[in-house]
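Notebook open, structure loaded. I want to jot down what I look up as I go.

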Amino acid sequence: LSKTPEDVVLIELMGDAYGFQSQWSKAVVAYKSLLDLDPNSVTYHYKYAGVLGKLAKEERKLSGIGQISKVKASFDKAAKLDPTHINVRWALVELYTQLPSFLGGSYKKALIYANQLEQLSKPNGFLAKAYIFESSSQDDSANTFYKKGLESINELECFQSVLSHSTHLSMH
């Protein structure tokens, strides 16, 4: 990096390596520099927000709480940049489900992203809703969505099995 300080591949690998080692503050610096180089990258916003959230959770002080708005803003930007990014929506579901309401946590907001997930992937949407309902102690609703999620996964597996079987037959 000393020879090519704007090599995004190296910077991202460095951020990933720091993240893998749970060195959140170093990973945040790497991902922030990537965002400075490419402010419209979904991946960089996703990774930056993710490690910033880990850092905030670890610090649990006023400085950590102050990072929450940056986490939300970066995840929101990633969601707007790519309306089909499943992992970003899962991160937003988890964020809004886990945050206390005085920091902006909201089951209602989490459900918005769960609904978006459902439009992209039925199993992900159902399981996200189950997670939200379980977190809000609505066990009956959680169980309903866990069952729907498992049923939709089984339907996908059956469809894929039929599809691969028909492809296999057409080859012979």
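**Salt bridges**

How many salt bridges does the structure hold? I count on a predicted model here, and the tally comes to four.

I started with E12 and K47. Their closest N and O atoms sit 2.6 Å apart, which makes a salt bridge. E12 belongs to helix α1 and K47 to helix α3 (residues 42-59), so this pair ties together parts that are 35 residues apart in sequence. I also looked up how open E12 is: its relative accessibility is 19%, and the cut-off for buried is under 20%, so E12 counts as buried.

Next I went to K32 and D36. Here the closest N and O atoms are 2.8 Å apart, again a salt bridge. Both residues lie in helix α2, and being four residues apart, they are separated by about one helical turn. I noted K32 as partly exposed, at 36% relative accessibility. For D36 I got a relative accessible area of 52%, so I wrote it down as exposed.

Then came K129 and E118. Their side chains meet in a salt bridge, at 2.4 Å from N to O. K129 is in helix α7 and E118 in helix α6, so the pair ties together parts that are eleven residues apart in sequence. Are these two buried or exposed? K129 is buried, with 10% relative accessibility, and E118 is buried too, with a relative accessible area of 14%.

**Helix α7**

Does the length of α7 agree or disagree with what its residue count should give? At 1.5 Å a residue, the 14 residues should span 20 Å, and the end C-alpha atoms of α7 are 20 Å apart, so the two agree.

After α7 comes S137, with a positive phi near 60 degrees.

S137 is not a glycine, yet its phi is positive, near 60 degrees. I placed S137 in the loop between α7 (122-135) and α8 (139-171). Its relative accessible area is 61%, so S137 is exposed.

S22 also has a positive phi near 60 degrees, and it is not a glycine either. Where does S22 lie? I found S22 in the loop between α1 (8-20) and α2 (24-37). With a relative accessible area of 39%, S22 is partly exposed.

**Confidence**

Last, I checked pLDDT. The protein averages 87, and 88% of the residues score at least 70. Which element has the lowest mean pLDDT, and which the highest? Among the elements, α8 is lowest with a mean of 71, while helix α6 (residues 107-120) is highest with 96. Over residues 166-172 the pLDDT falls below 50, and beyond near neighbours in sequence this stretch has zero contacts in the model. Where pLDDT is low, the predicted coordinates should not be read in detail, so I stopped there.

Definitions and conventions:
Residues are numbered from 1 along each chain as its sequence is written. This is a predicted model: local features need pLDDT of at least 70, side-chain atom pairs count only at pLDDT 80 or more; totals for chains, interfaces and linings use all residues. Side-chain values use heavy atoms; hydrogens and water are left out. Helices (H or I, at least four residues) and strands (E, at least two) are DSSP runs, numbered from the N terminus. Buried means under 20% relative accessible area, exposed over 50%, partly exposed in between (1.4 Å probe, protein chains only). The expected span of a helix is 1.5 Å times one less than its number of residues. pLDDT is the predictor's confidence in each residue, from 0 to 100. Contact means heavy atoms within 4.5 Å.
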